[in-house]
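Good morning, colleagues. Please take a moment with the sequence and the coordinates on the screen, after which I shall go through the architecture.

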Amino acid sequence: MRIDASEVLWFEQHELSLRELEELSGLPHRLIVELLECGAIAPLAAAGTEARFGAAALRTARTAGRLRADFELNVEALVLALGLLERVADLEAQLRELRARQPQPIR
Amino acid sequence: MKYKDYYASLGLERGASEEQIKKAYRRLARKYHPDVSKEAGAEEKFKEIAEAYQTLKDPEKRAAYDQLGSHAAGQEFQPPPNWREQFGETPFSAEDLDLSDLFAHLHAGGGQGRRGGRMSMPGHDYEIAVAITIEEAFHGTQIDLDLNMPEYDAEGRLRRVPHVFKARIPKGATDGQRLRLPGKGGKGLNGGRDGDLYLNISLRPHPLYRASGHDLYLDLPLAPWEAVLGTSVELPTPGGTVRLKVPPGTQAGRQLRLPNRGLPKPKEGQGDLYALVQIVVPSVVSEAERELYRKLSGDSAFDPRAHFTVETGHAN
């Protein structure tokens with residue numbers, strides 16, 4: 001048994017290069033490029049010559065990896081599924097906000 | 001090693017056809033895949049289904065699995081004596097292993113792809129759900145994690161090794177955020193990078209606050225006279241009590257915003273806290289109070305439903 005005190009944690013705003021995104025998501029280069037081309041994965045606003053990616057891109061890429069492995073999806077189906085999942089996430093965030101804004105019944 | 005009944009996991013008989021295995025998997029994956037399902041325990045359930053499918057869909061792995069014989073699920077068992085040789089398996093110590101480890105490492109390319117080969121493999125990534133309180137999100141916290149990971153020991157034998165982590169969750173976390181602990185996942189093989197550990201953060205429900213992103217919402221009940229006359233109240237916030245001035249004539253439903261009193265954001269800045277005004281009435285009143293209400297009712301010209309008359313075209 002080992003005790004590891006993990007002091008450094010990566011937070012949501014960490015930026016990744018395309019290479020790191022590939023490595024961390026385990027997706028093949030060609031597929032990442034295809035997902036980029038159709039907008040399923042978006043780089044952060046252009047900050048220089050090299051594209052940088054945020055946590056949202058990594059999340060999408062990892063989801064894509066899982067869906068591809070578990071459902072044997074082709075690129076078209078993957079893009080569709082990722083788009084729908086993004087909408088679900090948006091709607092859930094809205095729902096959370098509305099629920100937070102909703103006063104609770106008086107006890 | 002504990003036996004797992006992969007056929008039962010997929011709801012199948014042992015003689016099921018490849019087609020039946022595939023169909024059963026699709027049906028169950030649709031229901032339990034953690035990216036799609038909101039069912040409680042979906043993640044665990046899907047792991048079980050995926051593990052069963054990974055083994056049964058591959059004819060070689062399925063044959064190897066069938067050779068293990070049929071045992072009751074959860075029963076301790078040992079693979080038959082010649083099993084390992086027959087299926088080109090890497091050495092392992094069966095007591096410490098999970099059945100899935102056997103099959104995950106079984107087929108790095110049949111006989112010739114034994115683990116002594118040069119193939120570099122990245123370590124496994126782990127994702128773990130972590131629920132924290134709003135106070136913990138506000139101040140940051142430390143959590144203990146206990147993970148069993150399959151690993152090769154110095155002699156190249158595969159076994160499960162418990163890993164205990166203390167992980168710091170810095171302030172700034174909120175619902176749906178993820179933290180990554182680089183290199184804290186499974187060990188990479190032959191120079192492959194170590195896997196990562198991802199913590200998926202969620203906030204536990206709180207009796208006072210409700211979170212939306214880094215903003216917090218809090219109900220602020222006022223007595224009718226407080227709402228009319230205005231008042232000053234002590235408001236609990238995760239950072240400590242603050243005094244809030246409620247202006248005269250405050251309506252129910254109004255949101256009083258306290259800037260930078262919500263959850264801290266990861267880099268800098270802080271969400272806001274909103275006090276949602278509710279007007280509440282006492283359920284028990286004394287005779288003296290009742291008399292005051294009666295007097296107020298007689299003296300007041302206030303008509304809270306004046307707009308009914310306007311909107312319905314002077315129907316009454």
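This is a predicted model: local features need pLDDT of at least 70, side-chain atom pairs count only at pLDDT 80 or more; totals for chains, interfaces and linings use all residues.

**Two chains and their interface**

Chain A contains four helices and three strands. Along the sequence, the elements of chain A follow the order β-β-α-α-β-α-α. Chain A has 107 residues, of which 19% count as buried. As for its contacts, if we take those between residues at least 6 apart in sequence, 55% join residues at least 24 apart.

Let me turn to the interface. How many residues of each chain are in contact with the other chain? The count is 31 residues of chain A and 35 residues of chain B. On the chain A side, at least two residues each are supplied by β1 (2-6), α1 (18-25), α3 (55-71) and α4 (75-101). The largest share is that of α3(A), with seven residues.

I now move to chain B, and to one helix in particular. Helix α2 of chain B covers residues 18-32, which makes 15 residues. From first C-alpha to last, α2(B) reaches 21 Å, close to the 21 Å expected at 1.5 Å a residue. Which residues of α2(B) are buried? They are B:A24, B:Y25, B:L28 and B:Y32. Viewed down the helix axis, the buried residues of α2(B) fall within an arc of 100°, so they line one face. Against what do the buried residues of α2(B) pack? Their partner is α3 (42-56) of chain B. The face of α2(B) turned away from the buried side carries the exposed residues B:E19 and B:R30.

Finally, the sheet. In chain B, three strands form an open sheet with mixed pairing, in the order β1-β5-β4. Strands β1 (126-132) and β4 (178-181) of chain B stand at the edges with a single partner strand each, so one side of each has no neighbour in the sheet. On average, neighbouring strands of this sheet are turned by 25° against each other, direction ignored. Between β1(B) and β5 (residues 197-203) of chain B there are seven bridges, and these two strands run parallel. Within that pairing, B:I132 has B:L203 of β5(B) as its bridge partner.

Thank you; I shall gladly take questions.

Terms used
Residues are numbered from 1 along each chain as its sequence is written. Chains are lettered from A and ligands numbered from 1 in the order in which they are written. Two residues are in contact if their C-beta atoms, placed from the backbone, lie within 7 Å. The expected span of a helix is 1.5 Å times one less than its number of residues. A residue is buried if 20 or more other C-beta atoms lie within 10 Å of its own, exposed if 12 or fewer, and partly exposed in between; C-beta atoms are placed from the backbone. The arc is that of the directions from the helix axis to the C-beta atoms. Two strands pair if DSSP finds at least two bridges between them. Axes are lines fitted to C-alpha atoms, for helices over the stretch in contact, and angles run from 0 to 180 degrees between N-to-C directions.
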